[in-house]
Amino acid sequence: MSRTPPYAADLRAALARVSRGVDERELARATEALVSRYRSVAPANAPILASDAHVAAYAAYRMPATHAALGRVLGELADRRLAPRTMLDLGGGTGAAAWAASGAFDTLERVTVLDQVEAALALGRRLVEGAAAPALAEATFARAVAGRWPEADVDLVTVSYVLSELDEGEQQTLVADAMRRGRCVVVVEPGTPDGYARVIRARDALLAAGWHLVGPCPHSADCPLAQGDWCHFAARVNRSAEHRRLKGAELSYEDEKFSWVAAVAPDVPAPEARSGRILRHPLKRKGFVEFQACRPDGTAGREVVSKKAGERYREARDAEWGDLLP
Ligand SMILES: C[S@@+](CC[C@H](N)C(=O)[O-])C[C@H]1O[C@@H](n2cnc3c(N)ncnc32)[C@H](O)[C@@H]1O
């Protein structure tokens, strides 16, 4: 997987611009409410982004993190030569995936973000005003509800941090709706055991429909991780001063943990041959690097690259958790 993208300076500037004049105490209260709601694993029976303050809080404290996770995933797809021209973001909220896609793919021409909450879409529209990339500046933000998305035919459909708000039946419908509308589907969820379980169900649905996995799995067999373990990765998010203030945090960064799956439709050639996937922080010792990796043969376990491996060892020294195994 490509390196964690820098926290996009233009998204940071856009977030600072739209947060001017927002009542800080109201924002802090709304942030607290969102933090406690997102700790729950129950599906939402009413929109979680219930007011303008909730939407502003989401953009200020969650959007940088979801953007960073999507940046890593879409950055890898770009490295693997996926080059979408059109994109649909289902449950796109304030547009994190659109920003990440615009950073990853210079081929992007048309972006549509759909969501049930008009206030989130309105903030998304304000954020992209004046964006450097035309596809982002001209993105469409439109209201739609899961199960009743408008028809579409696009290269890329993203479904990020949405499944957790739906019950299992609605999650399956959403994945099927994504497959019907795109040639590549990307699902991203929080990197928790629950998020991973939802990603695995989405993966099962993609495979059952004959789709080819692009990542993170280097194979289409059942996930080999032991019971109690879950496949997840991390994206570094540099916190702005406002982000730190809102979260009452001192560190200048946080690591957003996420689980993901991406696949292309049966009639789309699967991107280049795959190597294993690094599942944990590598142990870099004198003379060798030790990895926990998921392998193309459907197994997972320890892989060691020693100094004797020459160029492969040099690549192993640079490799990180979430990257493809050198
Ligand atoms: C946690 S936010 C994620 C937003 C964005 N995708 C991101 O990654 O930052 C979940 C989004 O899903 C939307 N959503 C949840 N249930 C929905 C439904 N039934 N129909 C349409 N949108 C829905 C919410 O309004 C919210 O904007």
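1. Let me start with Leu34, which lies in helix 2; helices here are DSSP runs of H or I with at least four residues, strands are DSSP runs of E with at least two, and both are numbered from the N terminus. This is a predicted model, in which local features need pLDDT of at least 70, side-chain atom pairs count only at pLDDT 80 or more, and totals for chains, interfaces and linings use all residues. Residues are numbered from 1 along each chain as its sequence is written, and side-chain values use heavy atoms, with hydrogens and water left out.

2. Is Leu34 buried or exposed? Leu34 has 1% relative accessibility and therefore counts as buried. On this scale, buried means under 20% relative accessible area, exposed over 50%, and partly exposed in between, with a 1.4 Å probe and protein chains only. Setting aside neighbours within four places in sequence, Leu34 is in contact with Ile48, Leu49, His54, Ala57, Tyr58 and Tyr61, where contact means heavy atoms within 4.5 Å. From Leu34 to Tyr61 there are 27 residues in sequence and 9.6 Å in space, C-alpha to C-alpha.

3. The axes of helix 2 (residues 24-39) and helix 3 (residues 52-79) come within 8 Å and cross at roughly 75°, so the two helices are roughly perpendicular to each other. Helix 2 brings Glu26, Leu27, Ala30, Thr31, Ala33, Leu34, Val35 and Tyr38 to the contact, while helix 3 brings Ala53, His54, Ala56, Ala57, Tyr58, Tyr61 and Arg62. Sorted by class, this contact has 11 nonpolar, two polar and two charged residues.

4. A word on how those terms were set. Axes are lines fitted to C-alpha atoms, for helices over the stretch in contact, and angles run from 0 to 180 degrees between N-to-C directions. Angles under 35 degrees count as roughly parallel, over 145 as roughly antiparallel, 65 to 115 as roughly perpendicular, and the rest as oblique. For the classes, Ala, Val, Leu, Ile, Met, Phe, Trp, Tyr, Cys and Pro are nonpolar, Asp, Glu, Lys and Arg are charged, and the others, Gly among them, are polar.

5. Helix 4 (residues 96-104) is worth a look too. This helix is mostly covered, with seven of its nine residues buried. The buried ones are Ala96, Ala97, Ala98, Trp99, Ala100, Ala101 and Ser102.

6. Which residues come nearest to the ligand? Of the 20 residues around the ligand, these are Tyr58, Gly91, Asp115, Ala146 and Ser160; a residue counts as near if one of its heavy atoms lies within 4 Å. A nitrogen atom of the ligand lies 2.9 Å from a backbone N or O atom of Gly91. An N or O atom in the side chain of Asp115 is 2.6 Å from an oxygen atom of the ligand. For the side chain of Ser160, an N or O atom is 2.5 Å from an oxygen atom of the ligand.

7. Not counting residues up to four places away in sequence, Ser160 touches Leu70, Leu90, Gly91 and Val188.

8. Please check some backbone details as you go. Tyr161 has a positive phi of about 55° although it is not a glycine. Tyr161 sits in the loop between strand 4 (154-160) and helix 7 (168-181) and is buried, with a relative accessible area of 10%. Arg81, also not a glycine, has a positive phi of about 75°. Arg81 is in the loop between helix 3 and strand 1 (86-90) and counts as exposed, at 68% relative accessibility. The peptide bond from Gly215 to Pro216 is cis, with omega near 0°, and Pro216 lies in the loop between strand 6 (212-215) and strand 7 (233-238).

9. Arg110, in strand 2 (residues 110-115), is in contact with Arg85, Thr86, Met87 and Ala135, leaving aside neighbours within four places in sequence. Gly182 is found in strand 5 (residues 182-190) and is buried, with a relative accessible area of 9%. Beyond residues up to four places away in sequence, Gly182 touches Val154, Val157 and Trp211. Gly182 and Ala263 are 81 residues apart in sequence and 10 Å apart in space, C-alpha to C-alpha.

Key. Polar contact = N/O pair within 3.5 Å; in protein donor to acceptor, adjacent residues only side chain to side chain.
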